[in-house]
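Please examine the sequence and the structure shown below. The paragraphs that follow lead through them step by step.

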Amino acid sequence: MSKDMKELPGTPVSGKELKSDKIITFEWRPNAKYAWSAGIAYGRYLDELKEGRIIGRRCSRCKRIIVPPRMFCEQCFVATDEWVYCKDTGTVNTFSLSYLDADANRIKEPILVAVIDIDGASPGVGILHLLGNVDPKKIDVGMKVKAVWKPPEEREGAVTDILYWEPMED
Amino acid sequence: MTVAIIGIGCTSFNSVTAEVSFKEQMFEAAVKAYADAGVNAREDIGSFLTAAEDYWEGYSIFDEFVPDQLGAVLRSVCTIGGDGLLALANGTMQIETGLFDVVAIEAHSKASDMLTFDGILTHALDPVYNRAFNVHPYFIAGLEMQRYLHETKTTREQCAAVVVKNKRNAMDNPLAAFPADMTVDEVINSTMVSHPLTQRDISPLADGMIVIVLASEKKAKELSDHPIWIKGLGWCSDTPWLEARDWGAAGYTNLARDRAYKRADIKNPRKEFDFAEVDDYFSYKELQHLEALQLCEPGKAGKLAEAGEFNRDGAFPVNVSGGRLGAGNLLEGSALQSVLECVYQLRGHAGKRQIKNAKTALAQSWRGVPTASGCVAVLSNEN
Amino acid sequence: MNIRKRVAVIGAGITLYRRRLKESGKELSFYAANMALESAGMSRNEIDSVVMGTAPDAFDGIHMKSENLLDGAGATQKPYTHVYVGGGTGVFAPIGGWWHIASGMHDTCLVVCEEKMSPCFPHPQTAFRSIWDPIISRPLNPNLVWIFALEMHRYMKVHGIPKEHIAQVAVKNKGNALDHPSAQLAAKITVDDVLNSEIMVYPVNRLDISPPSDGAAALILASEDVARKYTDAPVWLDGVGWSLDSAYWTNRDLYFPQYVAKAAKMAYKMAKINDPPQEVSFAEPYDPFTYKELHHMEGLLLAEKGQAPKLTVEGVTARDGDLPICPSGGLLGVGNPIAAAGLMKCCEAFWQLRDEAGKRQVPKAETGVCQAWGDLMQVGTVCVFKRDS
């Protein structure tokens, strides 16, 4: 705001007023539904999760093994060319404790969120997932963790086939 | 202007492509375009532009998911919330600043990922004024077509002739999703959607990805044996208000046309262009757009279409590719589909569809209902 | 590199920033655009082209919302482009305007950024559900704040940064915002207030976060020869840069924003800035979260890696310090109507470089840098503005 400008446009409204008759609103819920093609790379990734395995792709140019897998290497811009199984163990790269759910409602028990670098993939290659079966105060960056899978009959080919990752015993 | 198209790449256009993700399709189109241009994505391309809209994709902030498969990681990338031709116009401007020598443009459709296209299109209507009617948004095309037929005395049969022509043209386009040998009666008698607009007057959705590589004059001459020069560009938006529109004519095209023709020094469009690829989202739109582009007298496009003037072997071929009606409605990608066909033709690479001695072409776009936004580009194989 | 035409800023406008404003998106766009035109002494007829910056359609709840907004932005029957790079859009829209003019295609460009987050229910956060990869992330029911918390924690861990140092950013910016008439969350607070505010997503507390907001801002750009007809004090947009990193953010080290560094280097090169900390008089890095200001200072090469918190604690980044950062009050103080928040920073640079910033005025402001950021911690957009000399 320039010092030469005296009056600013805009009419503040409180949440209460918005719900009252004073403000006219038009409610609308969009009918927007999608079924995204998982494609070749994610398709195989999900198939393998159903089998209790984590799979990545190798780029023969830069030699990286990447998870989640993709059919192209974004660094070299060439097609990746080999499927590589990784381990279902890894290292906490960074973590957080979320007291908010997806709609920003407050929750009592925090969701334990982490980026987990996957063993068998290239260094620094991780996935977003959850931690569990651990005292939040004891989580730290660098902690070794292991995937806890759903029972085979309950898996559906989704990232949630892994329930969470728990600390590995020394 | 001093920018040329030096590379094109695309997937084929299909009504469903469930086996591959949009990223994998985009990668295919990009690899082809970069090879065609003879450029290395990671070393030679300065900037990347994607034409996209969040709700078409089902992602908020779609540009998040763009750089990897275009070779654009840690490069200058942006989304243009418009059609492919608007992205091309912005890419051209980027080169004209002197900042970049080579720029890549991407536009696409992955319409088959949408389960509720109609609901999503309805979500584009003004929330306060236009949604409450609970009418399918193609009512806008019905209103517009009605008014256009009324003002110009064009007939439904003449509109249907456009559908017949474009679907037949598509039979010789191996990329096209909806080639057909159809009759005027079949179009007229197909299911009524919003009178006078029938199901067959409407372009069917398809999936497809297109990447185009642009270069500065110097770079184009260095890299390409057959650069296609961008001689003129214009783009314009008319009022978004349905309540305040000129329903009979495509006003946005008039304004875009004036700018593009002025830049390209086009004085007699009908004589100076060898062919045109214009937007045919709905059958009548091709006619309306041809008139706005001054390729025929106002109100006469229907008659000429019926007489075969715009056929591939007619006096002035229009939508030889098949257009949206024949090649498929690629959403924001259709505008680049038009450019793609112009490039094939101007290079002499159009195979069975080839128009002899084609030198100068016109590509024109419209974003579809409920918008009043579109672009015009003049392309030539002569600098 | 020879840029065809030099580009000036000759006008700016802004609305109030609030959690909810009664005005529609069109109306907010109009108010900001109109104020910018008035400040430049121009009418809409003198505008050749319009660039709109606005973030996800899901906030306003309108598909292709830029089409709906265009009449409010003064774009009816004009060349109109909607440019978009998520949260980076606010500083990117002037870059879009820049190439409209620097290319020689247009002489003037009205740049408008609008955001109306309040229509989104149950909370604007809900719109962020769909920014995640639908296959590998959305099934985990993520909240947007997760990624920032993860990035913040990584940054803190790698450099051993105490939370108290980061909290100082909120104290500074909310304090600076007391002098900004648009401000939504201006306040005099202490580091303890930040540390004791409720934990949202550890290590992010409530006062570490900027609010959802409604608002709009606008700038007028013009080519050099045209700018001189309207003003004796143009501000030059002499450097632009933008860069987008991989979507696979869990495959990157989050401790340093490479994409910002890349964008900054591009912009500095164009603006012929060789030693940023010496040559930049003030900066408006993107601060939707406290740590982001610090992270971005480092990305902008205004501080060594891991050193930005120290500069903040020492007062270097205060408005009367050696390198004022976010003299406007930033997103933490003024508010965060996403795209409009980024453009607010560019408006601030314009006013600072014309000595029009009133109580917020930074002494000896010659060169200002504005930056925004967005997507999945992925995009950096940078503008370098210079005083006319």
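**Chain C and its contacts**

The contact between chain C and chain A takes 50 residues from chain C and 47 residues from chain A. The model discussed here is a predicted one. On the side of chain C that touches chain A, at least two residues each come from strand 1 (7-14), helix 1 (25-40), helix 5 (145-159) and strand 5 (199-202) of chain C. Helix 5 of chain C gives the most to this side, namely seven residues. Sorted by class, the side of chain C that touches chain A comprises 25 nonpolar, 16 polar and nine charged residues.

Strand pairing also links these two chains. Strand 6 (residues 89-100) of chain A is joined to strand 5 of chain C by two bridges, and the two strands run antiparallel. For A:Leu97, the bridge partner in strand 5 of chain C is C:Tyr202.

We now turn to the contact between chain C and chain B. Here 53 residues come from chain C and 46 residues from chain B. Which elements of chain C give two or more residues to the side that touches chain B? They are helix 2 (57-60), helix 3 (65-69), strand 3 (80-84), helix 4 (89-102), strand 8 (235-244) and helix 9 (258-270) of chain C. Strand 3 of chain C gives the most to this side, with five residues. By class, the side of chain C that touches chain B divides into 27 nonpolar, 18 polar and eight charged residues.

Strand 3 of chain C also takes part in a pairing with chain B: over two bridges, it pairs in the antiparallel sense with strand 3 (residues 76-80) of chain B. Within strand 3 of chain C, C:Val83 stands opposite B:Ile80.

Finally, consider two helices within chain C. The axes of helix 6 (residues 163-176) and helix 11 (residues 290-299) of chain C come within 7 Å and cross at roughly 100°. Which residues meet where helix 6 of chain C contacts helix 11 of chain C? From helix 6 of chain C, C:Ile166, C:Ala167, C:Val169 and C:Ala170 meet C:Thr290, C:Tyr291, C:Glu293 and C:Leu294 in helix 11 of chain C. By class, this contact between helix 6 and helix 11 of chain C has six nonpolar, one polar and one charged residues.

Terms used:
Residues are numbered from 1 along each chain as its sequence is written. Chains are lettered from A and ligands numbered from 1 in the order in which they are written. This is a predicted model: local features need pLDDT of at least 70, side-chain atom pairs count only at pLDDT 80 or more; totals for chains, interfaces and linings use all residues. Two residues are in contact if their C-beta atoms, placed from the backbone, lie within 7 Å. Helices (H or I, at least four residues) and strands (E, at least two) are DSSP runs, numbered from the N terminus. Ala, Val, Leu, Ile, Met, Phe, Trp, Tyr, Cys and Pro count as nonpolar, Asp, Glu, Lys and Arg as charged, and the others, Gly among them, as polar. Two strands pair if DSSP finds at least two bridges between them. Axes are lines fitted to C-alpha atoms, for helices over the stretch in contact, and angles run from 0 to 180 degrees between N-to-C directions.
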